[in-house]
Amino acid sequence: MADEPGRRMRAEIAEQPGLLSAAVRRRSAVAEVAAWISARPPRFVLLAARGSSDHAALYAKYLCEVLLQLPCGLVSPSTTTLYGARPDLSDVLWIAVSQSGGSPDLVEATRAAREQGALTVAVTNTPASPLAEATELAVDIGAGPELAVAATKTYSATLMALYLLVDAVRGGDGAHAAALGDLAAEALESTAAATGAAAARLRFVDRMITTGRGYSSATAAEAALKLAETSYLSARSYSGADLLHGPVAAVDGETAALAISSAGEGGTALGEVLPQVRAQGAELISVGSLRPAVESLHIPLPGTAEEVAPILEVLPVQSLALRLALVRGVDPDQPRGLDKVTRTR
């Protein structure tokens, strides 16, 4: 008998509250890695990742620049793997983020970074992976085997691991993350009806934009990927700031918009953008702890410190992707053309 469509994705979404609580309990292991980093203070930080992990790395970029006050960039592994670049990375912190730890380009680029003087850290769900073996330090995100093709629990667990790591480097005690497991359980339950309503509204949409500002930019990027890979939507993510630099002109009554809006500087800044999106005729759905002052179907979330909001924001986004795929007659556990591990060079 064939599996029920979406069974694996649904089950792994439901695992996340427990995994987030467990991550907080394992904080001491992350703090040990942070102590090694603090002992070799970096000049700046580089993050290497692909796919969903690249969106987690974007979140970490904001954490490093805001909480650590360090310049931070997202690297292009192909500059190493295809073009042979070998920059001097002395006194640089290199964080490679990969759920599988098996992408050849990340492994090769990380080995090269270590050879060029960087302090290298792997953040992965596979502690015995080639990536973890290539680095001096490693953080296990502890999500357990993920069987669904679309990453859900590994994504939120990666966000949590990155937050706990950066917070520990700055000397924090993880206080803002302490209640996230309980809040995640509350969020999944309280948003179920709203994500169902949103899926019904979006059933026949073909084009969609997702948008956020600040920390929530990462959630918007992950939302576009999830909607594209599970429902085959033409989905594109834009920073709220970039959206007004041209792309908003392509928004019309045939376009849907998903806005990630949580309390804080990013959500407040996004509020300046959404009236223009709505004025173009787009169907607007918002997710977060801050409801925009513009007509929308809003999916509310519990309030948190802005720096950890993306860990909760992604939960209803994943549920929306699951529900939308099902109402469109797609099995999100078997997206066409995709495998669990993507190997690039």
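Select Tyr 232, which lies in the loop between helix 11 (217-231) and strand 7 (234-239). Helices (H or I, at least four residues) and strands (E, at least two) are DSSP runs, numbered from the N terminus. The model is a predicted one, in which local features need pLDDT of at least 70 and side-chain atom pairs count only at pLDDT 80 or more, while totals for chains, interfaces and linings use all residues. Residues are numbered from 1 along each chain as its sequence is written, and side-chain values use heavy atoms, with hydrogens and water left out.

**Loop residues**

Tyr 232 has a phi near 60°, a positive value in a residue other than glycine. Most residues other than glycine have a negative phi. With a relative accessible area of 27%, Tyr 232 is partly exposed; buried means under 20% relative accessible area, exposed over 50%, and partly exposed in between (1.4 Å probe, protein chains only).

Gln 69 is exposed, its relative accessible area being 63%.

Then select Ser 76, in the loop between strand 2 and helix 5 (78-81). Ser 76 is partly exposed, at a relative accessible area of 42%. Display Ala 109 as well: its C-alpha atom is 9.0 Å from that of Ser 76, although the two residues are 33 apart along the chain.

**The nonpolar cores**

Turn to the largest nonpolar core, which has 81 residues. Such a core is a set of buried Ala, Val, Leu, Ile, Met, Phe, Trp, Tyr and Cys residues joined through side-chain atoms within 4.5 Å. Those with the most contacts inside this core are Tyr 59, Ile 95, Val 121, Val 123, Tyr 163, Leu 258 and Ile 311. Helix 8 (residues 153-169) gives the most to this core, with 11 residues.

Centre the view on Tyr 163. Leaving aside neighbours within four places in sequence, Tyr 163 is in contact (heavy atoms within 4.5 Å) with residues including Tyr 59, Leu 63, His 176, Glu 307 and Ile 311. A second, separate core of 16 residues includes Ala 48, Leu 106, Ala 113 and Ala 118.

**Helix 2 against helix 8**

Select helix 2 (residues 16-25) together with helix 8; they pack at an angle of about 20°, with their axes 10 Å apart. Helix 2 is therefore roughly parallel to helix 8, a term for angles under 35 degrees. Axes are lines fitted to C-alpha atoms, for helices over the stretch in contact, and angles run from 0 to 180 degrees between N-to-C directions. Gln 16, Leu 19, Leu 20, Ala 23 and Val 24 of helix 2 meet Lys 153, Ser 156, Met 160 and Leu 164 of helix 8.

**Helix 9 against helix 15**

Finally, select helix 9 (residues 180-190) and helix 15 (residues 309-327), whose axes are 10 Å apart at an angle of about 30°. These two helices are therefore also roughly parallel to each other. Leu 180, Leu 183, Ala 184 and Leu 188 of helix 9 make the contact with Ile 311, Leu 312, Leu 315 and Ser 319 of helix 15.

Stay in helix 15 and pick Gln 318. Is Gln 318 buried or exposed? Gln 318 counts as buried, at 0% relative accessibility. Apart from residues up to four places away in sequence, Gln 318 touches Met 9, Ile 13, Gln 16, Ala 151 and Thr 152.

Key: Angles under 35 degrees count as roughly parallel, over 145 as roughly antiparallel, 65 to 115 as roughly perpendicular and the rest as oblique.
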